[in-house]
Each structure stands twice: as C-alpha cells, then as structure tokens.
Amino acid sequence: MPDASVRLRWSVALADRQVLPAACARTGARTVVCGTGALAVGRAGRALTLSLALRRAASEVTLEVEPAWNGGVSDPDRSNDRLKVLVLDTGDAYAF
C-alpha cells in the first residue's frame, strides 16, 4: 500500500493544546489522525510516537486504533482492522 493513515480515538477528551508530530492532525475533541506512510505486506510500518495530555485526570481511558484511509486497498480480513486498548494511569509508556 503506497500510503495510509490511522485514527486514534480516546474515550475522554484530550487537552485543548497538544504538540503533535508533523504526520498527525487533531480531528476532534478525542481524535487524532496520523499518516503512516507506505505499508508493505508482512512488514512493520514506521513508528509514530505521541505524547498527549487529557483534558481532565483519569485513572483509565480506552484507546481505539483503526485505519482512517488505506489508499483504496481491499483487505479480505477486516476482522483485524481495529484495536481497542485499556490504558491505565501507571506512568508507563504504551506501545501497539
């Protein structure tokens, strides 16, 4: 796939002010979309690192990760397109 983007949606609102990587854009109170660049079959894409703040403190939030755009490529197995993760306020970094 020559280019794609991923949508990241949190269960709570993000703080109004965020510093995002150049490949990412805020698209709503709880949503960010990031370009992933080209994706090759059987290979990992490039890493995106985000450090985000929530509008209010929360001991846990849910993060949903899903394709936002796939360049028109047809995926025969759509069952693995979405990921839902419980993120706990432990101070640890998370990676998916």
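Buried means under 20% relative accessible area, exposed means over 50%, and partly exposed lies in between, using a 1.4 Å probe and protein chains only. By that scale L86, at 45% relative accessibility, counts as partly exposed.

## Basis of the model

This is a predicted model, in which local features need pLDDT of at least 70 and side-chain atom pairs count only at pLDDT 80 or more, while totals for chains, interfaces and linings use all residues. Residues are numbered from 1 along each chain as its sequence is written, and side-chain values use heavy atoms, with hydrogens and water left out.

## Overall fold

The protein has five strands and zero helices. Both kinds of element are DSSP runs numbered from the N terminus: helices are H or I runs of at least four residues, and strands are E runs of at least two. Along the sequence the pattern reads β-β-β-β-β.

Of the 96 residues in the protein, 23% are buried. The accessible surface comes to about 6,700 Å², and carbon and sulfur atoms account for 52% of that surface. Accessible areas come from the Shrake-Rupley method with a 1.4 Å probe, and for residues only the protein chains shown count as cover. A contact is a pair with heavy atoms within 4.5 Å. Among contacts between residues at least 6 apart in sequence, 61% join residues at least 24 apart.

## Nonpolar core

The largest nonpolar core has 13 residues, and the members that touch the most others are L8, W10, V32, C34 and L63. Strands β1 (5-10), β3, β4 (60-69) and β5 (83-88) each supply at least two residues of this core. A nonpolar core is a set of buried Ala, Val, Leu, Ile, Met, Phe, Trp, Tyr and Cys residues joined through side-chain atoms within 4.5 Å.

V32 is one of those core residues. Leaving aside neighbours within four places in sequence, V32 is in contact with V6, R7, L8, W10, L14, L20, C24, A25, R26 and T27. T31 lies in strand β3, which covers residues 31-35, and T31 is buried at 10% relative accessibility.

## Disulfide

The structure holds one disulfide (a pair of cysteine sulfur atoms within 2.5 Å). The cysteines are C24 and C34, with their sulfur atoms 2.0 Å apart. The link between C24 and C34 is right-handed, with 110° about the S-S bond.

## Salt bridges around E66

The structure holds five salt bridges. A salt bridge is a side-chain nitrogen of Lys or Arg within 4 Å of a carboxyl oxygen of Asp or Glu. In one of them, the side chains of R7 and E66 meet at 3.1 Å, N to O. R7 lies in strand β1 and E66 in strand β4, so this pair ties together parts that are 59 residues apart in sequence. R7 is partly exposed at 22% relative accessibility, whereas E66 is buried at 7%.

R9 also forms a salt bridge with E66, the closest N and O atoms being 3.4 Å apart. This pair links R9 in strand β1 to E66 in strand β4, 57 residues apart. R9 is partly exposed, at 22% relative accessibility. R82 forms a further salt bridge with E66, with the closest N and O atoms 2.8 Å apart. R82 sits in the loop between β4 and β5, and 16 residues separate R82 from E66 in strand β4. R82 counts as exposed, at 64% relative accessibility. Through shared partners, salt bridges join R7, R9, E64, E66 and R82 into one network.

## Nonpolar surface patch

L83, L86, L88, Y94 and F96 make a nonpolar surface patch of about 470 Å². Patches are made of residues with over 30% relative accessible area and no salt bridge; like charges are joined within 9 Å, and nonpolar side chains (Val, Leu, Ile, Met, Phe, Trp, Tyr) within 5 Å. L86, the partly exposed residue at 45% relative accessibility, is found in strand β5.
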